[in-house]
Amino acid sequence: MNRTSYVTMLNERTFSNCVESANTIAISGHIRPDGDCVGSCLGLCTYLLDQYPDKQVDVYLDEIPAEFLFLKNSDRIRQENVDQIRYDLCISLDCSDLERLNRANVIFKEAIHTVNIDHHITNEGFGDVSVVCPESSATCEVLYHLLKQGQLFGNGEISFECAEALYTGIVHDTGVFKHSNTTLEAMTTAGELIEYGLNTEKIINDTFFKKTYIQNQILGKALLESMMILDGRMIFSVVYQKDFRLFEATPADTNGVIDQLRITDGVHVAMFLYETETGDFKVSLRSDEYVDVSVIAKEFGGGGHIRAAGCTTHGQMRDIVTNIAGRVEDQLDAAMDEIDLQ
Ligand code: AMP
Ligand code: MN
Ligand code: MN
């Protein structure tokens, strides 16, 4: 997608008016916020406060991983349940459906105007203004172009701290510029952001690669107990509540497990499950060139991207694995049949 088409996709005037006329603005992203979710929410918050110091800008997110606390305005993040405040504008970022806004769902529904900015292919478009760009590597990439346009709202001047947040989002959603979403546009955007004087090595090491001792232990356990299925074409691993208790770990400590599983030689699809407090399982799916995991995740009530998707599902672990592996096998077989025909 070229730069100008971001703006033509939306009703420019509605978007500008929504922002310019709002005195109170709420920003939110999906549950279990990742780097792109945190980066886009804090990047936009910083931009709005820089441009309009008199507006009230509040960010609603679940507790963010500690590695993102260095980003400006992370101290403004609110976690309380709010059902009485009616904001002039609520902006949803990096969130494919309203349910995933969690507690901000009510704020979004109650707000006078609503905007939805995202890059998930499964986002069906909600809100008065909806900008969904599945070709973009990250919501931060979409946001950068919207802000840089300048004529939408504000003067397009991005501060160092805003650039830091947006760069962090692109780093995380591209897996440090290695996933298939690392397009020329993603690299160009990251390059332009680097020009704001960012310490990229520090951002990448401190927020992406650095692991606590507990995180390494969980990773080790998950890898040791992983299983190859579908004749070595798929791998999966599970972490249960009892494991979290044993290692004194939280679900956020499993970040990165799926990235290690997916690079197993011969594997086309990797799946990582962890048991949530409620006895449900959070499922992460990753694929290489053959399987569209967004379709599978959506079938199980989730969503995401073609090569990275997820869902939360209930049931016996064995049944969940069997059901999802069955869908993976169908797609792999179809892909192989097509290759044979060529
Ligand atoms: P994860 O496996 O949690 O890292 O998620 C991979 C991608 O799928 C991310 O872009 C998520 O936003 C998306 N995703 C994960 N879980 C869900 C879900 N339950 N519903 C919709 N999208 C999801
Ligand atoms: Mn995300
Ligand atoms: Mn994202």
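Helix α13 (residues 317-341) has 25 residues, and at 1.5 Å a residue it should span 36 Å; its end C-alpha atoms are 36 Å apart, so the two agree. The expected span is 1.5 Å times one less than the number of residues. Helices (H or I, at least four residues) and strands (E, at least two) are DSSP runs, numbered from the N terminus.

This is a predicted model: local features need pLDDT of at least 70, side-chain atom pairs count only at pLDDT 80 or more, and totals for chains, interfaces and linings use all residues. Residues are numbered from 1 along each chain as its sequence is written, chains are lettered from A and ligands numbered from 1 in the order in which they are written, and side-chain values use heavy atoms, with hydrogens and water left out.

Buried residues of α13 include M317, I324 and L332. Buried means under 20% relative accessible area, exposed over 50%, partly exposed in between (1.4 Å probe, protein chains only). Their cover includes β8 (234-239) and α12 (293-299); contact means heavy atoms within 4.5 Å.

D36, D94, H119 and D173 coordinate the manganese ion (ligand 3) at 2.1 to 2.2 Å. Donors are N, O and S atoms within 2.8 Å of the metal (3.2 Å for Na, K and Ca); water is not among the atoms, so sites may look incomplete.

| Item | Value |
|---|---|
| Donor distances, manganese ion (ligand 3) | 2.1 to 2.2 Å |
| Manganese ion (ligand 3) to manganese ion (ligand 2) | 3.6 Å |

D94 coordinates both ions. D94 lies in the loop between β4 (89-93) and α4 (104-110), and H119 in the loop between β5 (113-118) and β6 (129-132), so the pair ties together parts 25 residues apart in sequence. D94 and H119 are buried.
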